[in-house]
Amino acid sequence: MSRYEFDAPRLYLDADFSPGAEAALTREQTNYLVNVLRLGPGGAILVFNGRDGEWLARLSVVTKKSAALRLEKQRRPQEEGPDIQYAFAPLKHARLDYIAQKAVEMGARRLTPVLTARTQIHRLNPGRLRANALEAAEQCGILALPEIDAPVAFDKWLADLPGGRLLAFCDEDAPAGDPAAALAGRISSGFAGITVLIGPEGGFDPRERQALLAAPGTLAISLGPRILRADTAGVAALALVQSVLGDWR
Ligand code: SAH
């Protein structure tokens with residue numbers, strides 16, 4: 001059984017938490033709690049704000065249009081998961097929604113849309129990405145919202161990658177190998193966080209591949225003998241990283 005067995009709905013609440021503090025809910029949150037879940041005054045909710053851990057709160061003021069919560073006590077202290085960032089060539093519409101949610105569920109702390117040569121879309125709706133990440137964060141039990149970067153061109157992204165990070169370059173052209181062993185082999189050399197990179201449906205172009213393989217912290221990863229759809233590859237790669245180096249151990 002998951003250790004995050006919630007006995008109450010769980011919401012991100014952008015407020016400071018202290019015992020007895022009151023916090024107003026957004027219209028959407030009010031609608032969800034009052035009209036969908038039919039919670040009344042005193043109804044219990046779990047809230048997190050990314051700083052103060054997870055708190056128990058109760059509905060204090062309830063009208064059809066607005067509601068407020070009163071914070072009671074902290075239930076879980078703030079904790080930080082492994083420094084895993086997810087860099088990806090953005091996909092279209094529903095598949096972008098999917099990958100935003102799955103990356104958060106899989107523990108990515110930062111989502112970076114990278115515009116590569118063969119990326120299908122070049123503009124995306126940041127509000128939609130954030131909404132998907134928020135929904136996933138509330139559902140999966142994490143205590144902070146992931147950072148979401150604005151789309152960045154591949155060359156700039158690679159040039160700005162902080163030194164010391166392990167770049168798990170998921171390369172559809174990588175020679176077959178044992179990706180778990182390859183990742184485990186990097187534990188001894190140490191690194192300041194991991195960035196997983198997934199390309200577009202069209203894959204990486206030769207110039208990009210050459211630049212990636214020449215970058216200092218790059219580890220080219222094969223995700224097996226089959227060509228995975230980019231959204232499948234993202235989940236597979238994050239599962240691999242979490243199980244070998246992250247918080248699945
Ligand atoms: N169009 C390309 C495949 C691109 S798949 C082709 O047919 O060759 C989209 C992305 O998913 C790739 O850029 C890579 O990041 C990842 N990916 C898919 N399958 C993979 C595999 N077997 N090994 C490593 N990465 C893979």
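Cys170 is buried, at 8% relative accessible area. Buried here means under 20% relative accessible area, exposed over 50%, and partly exposed in between, with a 1.4 Å probe and protein chains only. Cys140 also counts as buried, at 18% relative accessibility. The structure holds zero disulfides, a disulfide being a pair of cysteine sulfur atoms within 2.5 Å.

This is a predicted model, in which local features need pLDDT of at least 70, side-chain atom pairs count only at pLDDT 80 or more, and totals for chains, interfaces and linings use all residues. Residues are numbered from 1 along each chain as its sequence is written, and side-chain values use heavy atoms, without hydrogens and water.

**Overall build**

The chain has 249 residues, and 47% of them count as buried. Its C-alpha atoms fill a box of roughly 60 × 40 × 30 Å along the principal axes. The secondary structure comes to seven helices and twelve strands. These are DSSP runs numbered from the N terminus: helices are H or I with at least four residues, strands E with at least two.

**Cores**

In soluble globular proteins, nonpolar side chains tend to be buried together. A nonpolar core is a set of buried Ala, Val, Leu, Ile, Met, Phe, Trp, Tyr and Cys residues joined through side-chain atoms within 4.5 Å. The largest one has 41 residues, and Tyr86, Leu111, Leu183, Val196 and Ile198 have the most contacts inside it. Elements that each supply at least two residues of this core include β6 (84–88), α2 (93–105) and α7 (230–244). The largest share, eight residues, comes from α7. Another core lies apart from it, with 18 residues, among them Ala23, Leu39, Ile45 and Val47.

Beyond its neighbours within four places in sequence, Leu183 is in contact with residues including Leu166, Leu219 and Leu240. Contact means heavy atoms within 4.5 Å.

**Pockets**

A pocket is an open set of points on a 1 Å grid over the protein atoms alone, where a 1.4 Å probe fits, with protein on both sides within 12 Å along at least five of seven lines; lining residues have an atom within 4 Å of a point. A volume is the space filled by probe spheres set on the points.

| Pocket | Volume | Lining |
|---|---|---|
| Largest | about 650 Å³ | 26 residues |

Glu80, Gly81, Gly107, Ile142 and Asp247 lie nearest the centre of the largest pocket.
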